[in-house]
Amino acid sequence: MTEKRSDYRRRQAEQAEKANRQEAADSAAFPAFKQDQDQDQKTLKAERLKKRLNFAILVVCLLIILVWVILLKF
């Protein structure tokens, strides 16, 4: 029998709650480690966003150059 969406959502919520409890217990036991881990995740996310932004800027510049070439060629 196929699992219903409500069952799936309930199971996902239970797993998330269990993970949150475990994370809270870990952060209570090792608060400095938790702060370092959060900082590392923020740094990684910022680096990823910087790369995506640089790529988007490059694409926009190339498209602008392409438009100018097309306009000036004709």
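Residues are called buried under 20% relative accessible area, exposed over 50%, and partly exposed in between, using a 1.4 Å probe and protein chains only. The structure looked at here is a predicted model, in which local features need pLDDT of at least 70 and side-chain atom pairs count only at pLDDT 80 or more, while totals for chains, interfaces and linings use all residues. Residues are numbered from 1 along each chain as its sequence is written, and side-chain values use heavy atoms, with hydrogens and water left out.

Start with the overall picture. The protein chain comes to two helices and zero strands; helices (H or I, at least four residues) and strands (E, at least two) are DSSP runs, numbered from the N terminus. Helix α1 covers residues 5–29, and helix α2 covers residues 31–73.

Now for the charged pairs. The count comes to three salt bridges, taking a salt bridge as a side-chain nitrogen of Lys or Arg within 4 Å of a carboxyl oxygen of Asp or Glu. Arg10 and Asp7 are three residues apart, so about one helical turn separates them. Arg10 is partly exposed at 47% relative accessibility, and Asp7 is partly exposed at 29%.

Further along helix α1, Arg21 and Glu17 are four residues apart, again about one helical turn. Their salt bridge has its closest N and O atoms 3.5 Å apart. Arg21 is exposed, at 51% relative accessible area, whereas Glu17 is partly exposed at 47%.

Helix α2 has Lys50 and Glu47, three residues apart and separated by about one helical turn. Their side chains meet in a salt bridge at 3.7 Å, N to O. Lys50 is partly exposed at 48%, as is Glu47 at 39%.

Phe55, Leu58, Val59, Leu62, Leu63, Ile65, Leu66, Val69 and Ile70 form a nonpolar patch with about 840 Å² of accessible area together. Patches are made of residues with over 30% relative accessible area and no salt bridge, joining like charges within 9 Å and nonpolar side chains (Val, Leu, Ile, Met, Phe, Trp, Tyr) within 5 Å. Phe55 sits in helix α2 and is exposed, with a relative accessible area of 56%.

Terms used: Areas by Shrake-Rupley, 256 points an atom, 1.4 Å probe, with all protein chains shown as cover.
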